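Subject: Structure handover

Dear colleague,

Here is the structure for your files. My notes on what was found follow below.

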Amino acid sequence: MHRTADQNMQLDDKAWKLLNLLQTDGRAPLKALATAAGLSIAATAERLKRLQEAGVVRGVRAEVDPARVGRPLRAIIGITTAQPHKQGLLKALRARPEVLECHHVTGADSYVMHVAVPD
């Protein structure tokens, strides 16, 4: 039986060691993960597979330094838009690499977004 992401998965010490190392270095080789957790490589691979299937590990990403890719300026921007235009706005924002985060909020603004731009 596969667990779904909305179920709580009980994690033991070995699973936490795997998760901690993955968060520190998402590119850590399977052998290093196995050593850190005190497991065989095969057992480590199986645990990682189960953690992914359960939705505990949703992915491994690269953390990019915006300044080193020509976007040294960061800003938080509030946007207000009428309801009929929200889906179009969100679609446009998703297509923009400058947009790091976008959150729906209540109050004067409809959304607050975090961007990284050249100037």
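The buried residues of helix 4 (residues 86–94) pack against strand 1 (73–79), strand 2 and strand 3, where contact means heavy atoms within 4.5 Å. Those residues are K86, L89, L90 and L93; buried is under 20% relative accessible area, exposed over 50%, partly exposed in between (1.4 Å probe, protein chains only). They span an arc of only 95° around the axis, so they lie on the same side of helix 4; the arc is taken from the directions from the helix axis to the C-beta atoms. Q87 and K91, on the other side of helix 4, are exposed.

This is a predicted model: local features need pLDDT of at least 70, side-chain atom pairs count only at pLDDT 80 or more, and totals for chains, interfaces and linings use all residues. Residues are numbered from 1 along each chain as its sequence is written, and side-chain values use heavy atoms, with hydrogens and water left out. Helices (H or I, at least four residues) and strands (E, at least two) are DSSP runs, numbered from the N terminus.

S110 sits in the loop between strand 2 (99–104) and strand 3 (111–117). S110 counts as buried because its relative accessibility is 8%. Its side chain reaches the backbone nitrogen of T81 at 3.1 Å. Leaving aside neighbours within four places in sequence, the contacts of S110 include K86, H103 and H104.

Elsewhere, K14, A15, L18, L19 and L22 in helix 1 meet T44, R47, L48 and L51 in helix 3.

Regards

Notes
A polar contact is a pair of N or O atoms within 3.5 Å; within protein, one must be able to donate a hydrogen and the other to accept it, and residues adjacent in sequence count only if both atoms are side-chain atoms.
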